[in-house]
Amino acid sequence: MTSTGNITASSAGAFGIRGAITGSGNIGIVVNGGTVSGGSGAGAGVSFVGGATNTLTNAGTLSPGGSGTIQTTALTGNLVQTGAGRVAVDLNMATGAADRLNVTGTANLAGTVVLNVLTPQARLQEVTILSAAGGTTNAGLAVSSQFNSPAIVVQLHYPNATDVVLGTSINFAVSGLNGNQASLGSHLDAALTAGSSGLGTVVIGLLNTKGLAAYKAALDQLSPEVQLKSQVSSLYSSLNFANNLMSCKVGNGANAFISEGQCVWAQLSARSLRLSDTDSTIGSKEESEQFAGGAQLRFAPNLHLGFAAGYEHSAITSSLAARSSGDRAQGGIALKYTSGPMLLAASISGGQGWYDTTRPMAFGGFNAMASSSNDVSYFGGKLRAAYLLGMGDWYLKPMVDFNATRLSNGGFTETGAGGANLTVASTDRTVLSASPALEIGTQGALWQSVLLRPYVRGGASFFHNTNFGATARFTGTPSGVAGFSTTTSIDRVVADVSAGADLFVANDIALKLSYDGQYGDTTRQHSFGGRASFKF
């Protein structure tokens with residue numbers, strides 16, 4: 001008889017077939033892609049009565065006790081497991097108990113062993129999972145990395161002619177992990193060795209992931225890297241805001257393409273920042289909207305002083321569905337010196353951001369949602385030098401910016417996920433950058449007293465200190481166990497592209513539409529803005 005469904009223990013203690021075929025007694029059964037389950041009792045023992053000369057051939061899943069229940073099952077007859085077959089074994093590492101098959105006849109075993117850990121323990125152990133009185137033949141039985149977590153090291157031993165013994169140990173810092181994952185894995189190894197019960201459900205979930213890719217994804221879900229993205233967001237936002245302090249343009253006069261005037265201004269902008277997944281970092285995307293306004297006045301023949309304030313709302317989503325919603329307030333001042341075709345400028349600015357983050361986790365039967373609130377502040381300085389090369393109605397303007405940004409991330413502790421909540425320490429970081437560029441533009445009259453000045457600009461930004469890091473530990477980690485380090489990074493070099501147009505009305509009103517983009521190996525940032533300024 002052949003079954004493609006599930007075979008479970010009957011109430012009488014023998015296997016019956018559930019599905020299109022039913023029955024028990026002295027029969028031969030071939031299981032094709034279904035599940036043989038030894039019932040739901042624990043430890044009492046369930047028998048498969050097949051007759052001493054008959055054979056159970058398994059090409060599906062053989063699961064004594066069913067998933068999650070440890071049980072010893074007796075099989076009267078012979079057992080053959082094909083290359084497509086799987087033996088599912090539940091293991092309690094704390095007690096050393098595991099599912100077991102006792103076969104009265106012979107066992108010819110190929111296929112794989114699939115392990116489900118019920119209680120983890122940081123110790124080596126061996127347990128018999130099958131014994132065949134008529135002799136066991138290893139026909140290629142193995143522990144497949146496709147169906148088992150790489151964090152549990154499993155070996156099959158054949159100490160005698162009848163038994164199959166499962167040897168296990170735990171190592172969360174397996175080969176094939178990136179730096180963040182390996183650091184987290186080592187932390188979990190130390191926590192388990194210290195006897196952590198607060199991380200029990202997390203550890204079981206990791207031990208029940210299936211394959212290396214799923215295991216790495218689970219470690220990423222446990223990481224605080226999404227909170228580090230708020231630092232990256234603050235850096236790029238601060239650089240964009242500092243640029244807003246750098247211009248109060250005039251429509252005509254000598255060196256009009258570089259001259260500064262007195263004005264008040266307001267700007268609306270939208271920014272999109274995407275950081276791609278890499279082998280070492282988790283990708284993310286941010287969408288934000290900003291309103292900023294300011295003024296600039298002349299207090300000496302060649303000197304202007306400007307100031308601005310702004311508010312930005314952003315939403316950050318990681319590639320693992322963690323989300324941060326943030327609000328940021330910013331302010332700054334700028335001092336500009338112009339002398340003919342030359343401009344020298346300096347600005348200082350600062351800001352504070354507040355973020356609410358949710359971090360979902362779902363792997364190996366473990367499900368939780370961690371929530372946190374953290375803040376990121378920054379203080380930055382910018383220097384700019386530019387020179388105008390006029391050619392009638394056309395111009396070239398080479399320029400270079402130097403930026404220094406100090407970022408401070410406040411510490412925080414998550415809630416809502418039990419022992420999987422993270423406590424993340426505060427951090428400080430200074431990022432330096434240099435951005436040379438060349439702008440080309442022209443000016444023409446649309447009609448009387450109305451001038452249009454389009455421009456394009458290209459350049460590059462070179463960053464120093466592009467890694468953002470933090471030290472964290474789980475609230476379920478035993479005291480005395482050191483935390484683990486997590487980092488995320490940005491491109492060291494990005495291409496800068498800008499384009500826009502200024503519209504001057506009677507030299508008193510200036511309207512501007514602009515696009516600013518940055519392109520790197522892993523970075524794509526796009527910013528669109530509309531600005532109005534009024535001369536006074």
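Begin by selecting residues 394-409, strand β28, together with residues 427-442, strand β31: the two run antiparallel and are joined by 16 bridges. Strands are counted as paired here if DSSP finds at least two bridges between them, and the elements themselves are DSSP runs numbered from the N terminus, helices being H or I with at least four residues and strands E with at least two. Within this pairing, Leu-407 stands opposite Arg-429 of β31. This is a predicted model, in which local features need pLDDT of at least 70 and side-chain atom pairs count only at pLDDT 80 or more, while totals for chains, interfaces and linings use all residues. Residues are numbered from 1 along each chain as its sequence is written, and side-chain values use heavy atoms, with hydrogens and water left out.

Lys-397 is buried at a relative accessible area of 9%, where buried means under 20%, exposed over 50% and partly exposed in between, with a 1.4 Å probe and protein chains only. Apart from neighbours within four places in sequence, Lys-397 has contacts (heavy atoms within 4.5 Å) that include Ala-437, Leu-438 and Glu-439, as well as Phe-257 and Ile-258. Its side chain reaches the backbone oxygen of Phe-257 at 3.4 Å.

Now select residues 225-244, helix α4, whose 20 residues reach 30 Å from first C-alpha to last, close to the 28 Å expected at 1.5 Å a residue; the expected span is 1.5 Å times one less than the number of residues. Because 18 of its 20 residues are buried, α4 is largely enclosed by the rest of the structure.

Which kind of aromatic pair do Tyr-236 and Phe-463 make? Five aromatic pairs are found in the whole structure. The ring centres of Tyr-236 and Phe-463 are 6.3 Å apart and their planes lie at 65 degrees, so this pair is edge-to-face. Since Tyr-236 belongs to helix α4 and Phe-463 to strand β33, the pair ties together parts that are 227 residues apart in sequence. Rings of Phe, Tyr and Trp (its six-membered ring) pair if their centres lie within 6.5 Å, with planes under 30 degrees apart counted as stacked, over 60 as edge-to-face and the rest as tilted. Tyr-236 is buried at 1%, and Phe-463 is buried at 6%.

Then show the sulfur atoms of Cys-248 and Cys-263, which form a disulfide at 1.6 Å. Cys-248 lies in the loop between α4 and β21, and Cys-263 in strand β21, so the pair ties together parts that are 15 residues apart in sequence. A search of the whole structure finds one disulfide, the criterion being cysteine sulfur atoms within 2.5 Å. Both ends are buried, Cys-248 at 2% and Cys-263 at 4%.

Finally, select Gln-267 in strand β21, residues 263-275, which counts as buried at 10% relative accessibility. Gln-267 and Gln-290 are 23 residues apart in sequence and 8.1 Å apart in space, C-alpha to C-alpha. The side chain of Gln-267 makes a polar contact with that of Asn-244 at 3.1 Å; a polar contact is a pair of N or O atoms within 3.5 Å, where, within protein, one must be able to donate a hydrogen and the other to accept it, and residues adjacent in sequence count only if both atoms are side-chain atoms.
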